[in-house]
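Here are my notes on the model you sent.

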Amino acid sequence: MLQSHNPTQAKAWKHLENLYQQAKNKTIKQLFTENPQRSEDFSLNFENMYVDYSKTLLTLDIKNQLIELAKFCGLQEAIQAMFTGQKINQTEGRAVLHTALRNAFINEPLILDGVDIKIRIKQVLEKMKLFCNRVQTGEFLGYNGKKITTIVNIGIGGSDLGPYMVTEALKPYWVKGIQTYFVSNVDANHIKFVLEKIKAEDTLFIIASKTFTTQETMANAQTAKAWFLNDVGDSQHIAQHFVALSTNSKAVKDFGIAEDLQFEFWDWVGGRYSLWSAIGLSIALTIGYKHFEDLLLGASKMDDHFKTAPFENNIPVMMALVGIWHVNFCNYNQLAILPYNQLLHRFPAFLQQADMESNGKYVNRHGETLDYSTVPTIFGEAGTNGQHAFYQLLHQGTQIIPCDFIGVVNATSDHKNQQDILFANFIAQTEALMNGLSIEEVCKTETNTKIQPFKVFQGNRPTMSIVLKDLTPYNLGSMIAMYEHKIFVQGVIWNIFSFDQFGVELGKKLANVVLKDFEKNTNTHDGSTETLINLYKKWVHASI
């Protein structure tokens, strides 16, 4: 079990508060002047990945105290507890073993509740592999003998964000002839616009819902089913065009999906950590099972690094500790995720869920209200688009917002000139945020004294640079796992449970109440809510 603690009671926490009082009077630029080896001291390598956190206000003393804080909070024990299947998701009484999904290559048993889950994982992976091969070779055909060429994944949250992000990131690896769509929003326009593009005869629908009761997913699944039956007529054909990623066998069968097209996953796989499981079937069908396996292998190698590397050389640990420094000592309460690669355009949204749903908690493991901040607000956009949107705030706003810049050196396109421009912007933005532009520098080129103040950049804005040599399935798997572990480390230090998400439930429960209230006169809500209910009832289907 994870040990409970109060991080603010650690000696290291007190030291860090004092060190911040010293650090806030310095600039990152000064730190580079004082230490010519700073870039080497504050960067780490992992295979084809480089992580540079030197453009922050960390000093060696701060780094050492952050590591002491991690030790005080029992981080090493927590890592061991997660990987060995202890039920660290205590509020739900579950183990947290998404890491086991990607180390099935290692022939070591992992016993959970008396069962070797490695055997079950391998069985599902083999089932996924065989099904992917059947679809891609044309052995598995549609109801009228047409080859499956369209995949529609219907899910929400982790059943959508992870697979969607990965398939977009790995678009150069898509199997020739396959087109994949993702539907998540209960807004009917989302599925409507997809259905308008496809044909029933060559489409495979993947219904991704652990319980097979998720409101948004099942509403879209029923719409897809009705559309399909309207086109083909015979309900027996559902078995050739719908598969389920679920644990609810009865509901899957009642829907009309064949038993051999139900792919299992387990309650020790959290939704936002599930792309490595059967939830990744859309990934495997889109990029091919071999590339899906490479994705798992890359993540597994990062798992090994996380388990074994000393904290000072451990990339997820050091990324997490930099974040702790920013949130809890510098009072920076936002984080921008800025991938300088268009294929990673969904990565910020993926991390929004992974981070904020995991650590957006205000009580500790004893249910006591915290008196310190936890996860920052996550936002982001692909570079260089973000530069023409919100970078004004990053450079000259009143808030200091740390940024993770993610760059890929080798592009998958043939346009080297544009890749050079992209990567030059990636590097230049981190330098500009650190150095800024002083009034003295502005005066060299701007003689209008009224304009000069508007062109000053204060600088001293912290950034972290994550550089991949190539955007391959293997490297992407490593980077996703790196961020997963970073989130875990921060949850351990903040003494919160990172693997439940009760905050998702209240609004959804109340939505069901409001839905029923659309059919009757009510007076059980506050005045604003009643007005909104009545306005909807008055205007719905009204001509405009």
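**Notes on the predicted model**

1. Phe212 counts as buried because its relative accessibility is 4%, under the 20% cut-off. The model is a predicted one. Phe212 lies in the loop between β7 and α9 (215–232). Its phi is positive, about 60°, although Phe212 is not a glycine.

2. Glu47 also calls for a look at its backbone. Phi of Glu47 is near 50°, a positive value in a residue other than glycine. Glu47 is found in the loop between β1 (43–46) and β2 (49–52). With a relative accessibility of 48%, Glu47 counts as partly exposed.

3. The peptide bond that joins Gly383 and Thr384 is cis, with omega about 10°. Thr384 has its place in the loop between β11 (377–380) and α15 (391–396).

4. An open sheet is formed by five strands with parallel pairing, in the order β6-β5-β7-β8-β9. Its edge strands, β6 (179–183) and β9 (262–263), each pair on one side only. Helix α7 (residues 158–169) packs on the sheet and touches β5 (150–154), β6 and β7. The direction of α7 makes about 150° with that of β6.

5. Within this sheet, strands β7 (residues 203–208) and β8 (residues 242–245) run parallel and are joined by four bridges. Ile207 stands opposite Ala244 in β8.

6. How many cavities of 30 Å³ or more does a search of the whole structure find? There are four. Two or more lining residues come from each of α13 (315–329), β10 (334–340), β12 (403–410), β13 (463–470) and α18 (473–494). Helix α13 gives the most, with five residues. By class, the lining of the largest cavity has 11 nonpolar, six polar and three charged residues.

7. The second largest cavity has a volume of about 40 Å³. Among the residues that line this cavity are Leu2, Ile88 and Arg365, together with Phe488, Gly491 and Val492. Ile496, Phe497, Ser498 and Phe499 also belong to the lining. The lining of the second largest cavity divides into seven nonpolar residues, two polar and one charged.

Definitions and conventions
Residues are numbered from 1 along each chain as its sequence is written. This is a predicted model: local features need pLDDT of at least 70, side-chain atom pairs count only at pLDDT 80 or more; totals for chains, interfaces and linings use all residues. Side-chain values use heavy atoms; hydrogens and water are left out. On a 1 Å grid over the protein atoms alone, a cavity is a set of points where a 1.4 Å probe fits but cannot get out, and a pocket is an open set with protein on both sides within 12 Å along at least five of seven lines; lining residues have an atom within 4 Å of a point. Grid points are joined across faces, edges and corners, and a volume is the space filled by probe spheres set on the points. Ala, Val, Leu, Ile, Met, Phe, Trp, Tyr, Cys and Pro count as nonpolar, Asp, Glu, Lys and Arg as charged, and the others, Gly among them, as polar. Two strands pair if DSSP finds at least two bridges between them. Contact means heavy atoms within 4.5 Å. Axes are lines fitted to C-alpha atoms, for helices over the stretch in contact, and angles run from 0 to 180 degrees between N-to-C directions. Buried means under 20% relative accessible area, exposed over 50%, partly exposed in between (1.4 Å probe, protein chains only).
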